Amino acid sequence: MIMNSSALQNDIIEWARDHRCHHKWTDTHADPHNTTRGFFFAHMGWLLVKKHPQIKEQGGKLDLSDLFADPVCTFQRKYYLPLVLIFCFLLPSAIPVKFWGESAFVAFYTAGILRYCLLLHATWLINSAAHKFGFKPYDKAISPVESVWTTVTAIGEGGHNFHHTFPQDYRTSEYSLKLNWTRLFIDTCAALGLVYDRKSFSEEIIQRQCEKHGNPEQRGKAIL
């Protein structure tokens, strides 16, 4: 909840709803950042226009009961604005001022505004670049690709061909922990007893998928 609030990309429930739409209806009008409408639209243009009617129509059919049953999600949704102000802007700006004497002006525009802008574009590159520039070891019929450089900028989220082929797999890619910091964070939380029910696919299933629908000779590049 804290990290989602610090990212200012809509509350957990709304973000998850859009993400479920994206996976269920990828590259259709029911996909919020439909890549068939162009690179700029997929990157950030989708946030500058009204949502396509299909998003509202199809999104309304999704079951979000698990999210609304979660007290953390509903708490954040209720108090989203103050949580965003605290964790996205006030706290990141206050830390440099408090601990190494940075001016409030510089702290706000670097740790607050600049950090937020860089975070947005790192996230948006997954919606745009990770659907265009890369390779497809797991499923060559879909637009998402594997990309090392978007994996680096999004700390583990660039294994998009894997993620769309195996959406239930918590790892989101086969990249090692040196590149997949998101998985490292989840595994660390699991070791502390904060995460449970991690789901992943077996080596046998992944290899069979590559051989049947992907490019198995490219898989080695996705396991760095």
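Begin with leucine 8, which lies in the loop between H1 and helix H2 (12–24), where helices (H or I, at least four residues) and strands (E, at least two) are DSSP runs numbered from the N terminus. This is a predicted model, in which local features need pLDDT of at least 70, side-chain atom pairs count only at pLDDT 80 or more, and totals for chains, interfaces and linings use all residues. Residues are numbered from 1 along each chain as its sequence is written, and side-chain values use heavy atoms, with hydrogens and water left out.

Although leucine 8 is not a glycine, its phi is positive, at about 50°. Most residues other than glycine have a negative phi. Leucine 8 counts as partly exposed because its relative accessibility is 24% (buried is under 20% relative accessible area, exposed over 50%, partly exposed in between, with a 1.4 Å probe and protein chains only).

Next, select threonine 172, in the loop between H10 and helix H11 (181–191). Threonine 172 also has a positive phi, near 65°, in a residue other than glycine, but it counts as buried because its relative accessibility is 9%.

Finally, select helix H8 (residues 104–127), whose 24 residues reach 34 Å from first C-alpha to last, close to the 34 Å expected at 1.5 Å a residue (1.5 Å times one less than the number of residues). At arginine 115, H8 bends by about 30°, the angle between axes fitted to the seven residues ending there and the seven starting there. Colour the buried residues of H8, among them Tyr116, Leu120 and Trp124.
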